[in-house]
Amino acid sequence: MAFTGKYEIESENNYDEFMKRLGLPSDRIEKGRNLKTISEVQQDGQTFTWSQNYPGGPSITNNFTIGKECDMETVMGKKFKATVQMEGGKVVVNFPHYNYTAEIVDGKLVEISTVAGVSYERVSKRLA
């Protein structure tokens with residue numbers, strides 16, 4: 001399927017401001033800057049397994065089916081319930097104060113997270 005693959009981060013936009021808005025302390029922001037995060041996505045129709053591996057840090061895996069409520073976890077270990085949608089080829093998660101989209105553009109995984117009016121864009125190249 002379109003999202004299935006292994007991806008490595010190649011560029012980020014607005015990392016510092018976004019992480020500050022999330023409330024991360026400056027030492028954590030500095031530590032996370034320029035990490036070559038690996039995302040692995042398995043898509044089987046409307047069902048996804050989405051893993052992110054942070055070098056020298058945690059790995060998280062979220063399983064979800066489009067349109068069904070699921071349990072998810074953030075890299076900070078926060079657990080929450082969400083209903084993931086597919087809108088125009090984009091995976092979308094909306095909350096009152098947070099929005100996340102992911103799409104494949106020219107073979108790259110483009111993820112945009114927005115919190116408190118600040119957006120963070122992460123582009124990852126396909127490894128496999």
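## Ground rules

Two strands pair if DSSP finds at least two bridges between them. Strands themselves (E, at least two residues) and helices (H or I, at least four) are DSSP runs, numbered from the N terminus. What you have here is a predicted model, where local features need pLDDT of at least 70, side-chain atom pairs count only at pLDDT 80 or more, and totals for chains, interfaces and linings use all residues. Residues are numbered from 1 along each chain as its sequence is written, and side-chain values use heavy atoms, with hydrogens and water left out.

## The sheet

Let's start with the strands. There is an open sheet of 9 strands, paired antiparallel, and its order is E4-E3-E2-E1-E11-E10-E9-E8-E7. Strand E4 (59-65) and strand E7 (85-87) sit at the edges, each pairing on one side only. From one strand to the next, the twist averages 25° (axes are lines fitted to C-alpha atoms, for helices over the stretch in contact, and angles run from 0 to 180 degrees between N-to-C directions).

Gln85 stands opposite Val92 in E8.

## The chain as a whole

Overall, the chain has 2 helices and 11 strands, and along the sequence they follow the pattern β-α-α-β-β-β-β-β-β-β-β-β-β. The C-alpha trace spans about 40 × 35 × 25 Å along its principal axes. A compact globule of 128 residues would have a radius of gyration near 14 Å, and this chain agrees, with 14 Å (taken over C-alpha atoms; the globule rule is 2.2 Å times the number of residues to the power 0.38).

Buried residues make up 35% of the 128, where buried means under 20% relative accessible area, exposed over 50%, and partly exposed in between (1.4 Å probe, protein chains only). Take the contacts (heavy atoms within 4.5 Å) between residues at least 6 apart in sequence: 40% of them join residues at least 24 apart.

## Aromatic pairs

A pair of aromatic rings is described by the distance of the centres and the angle of the planes. Rings of Phe, Tyr and Trp (its six-membered ring) pair if their centres lie within 6.5 Å; planes under 30 degrees apart count as stacked, over 60 as edge-to-face and the rest as tilted. The whole structure holds 8 aromatic pairs. In one of them, the rings of Phe3 and Trp50 have centres 5.9 Å apart and planes at 50°, so this pair is tilted. Phe3 lies in the segment before strand E1 (5-13) and Trp50 in strand E3 (residues 47-53), so the pair ties together parts that are 47 residues apart in sequence. Phe3 counts as buried at 3% relative accessibility, and Trp50 counts as buried at 7%. Phe3 and Trp50 also belong to one aromatic cluster with Phe48 and Phe64.

Phe80 and Phe95 make an edge-to-face pair, 5.3 Å centre to centre with 80° between the planes. Phe80 is in strand E6 (residues 79-83) and Phe95 in strand E8 (residues 90-95), so here the parts tied together are 15 residues apart in sequence. Phe80 counts as partly exposed at 23% relative accessibility, as does Phe95 at 29%.

## Thr101

Thr101 is found in strand E9 (residues 98-105) and counts as buried, at 15% relative accessibility. Leaving aside neighbours within four places in sequence, Thr101 is in contact with Lys90, Val91, Val92, Val110, Glu111 and Ile112.
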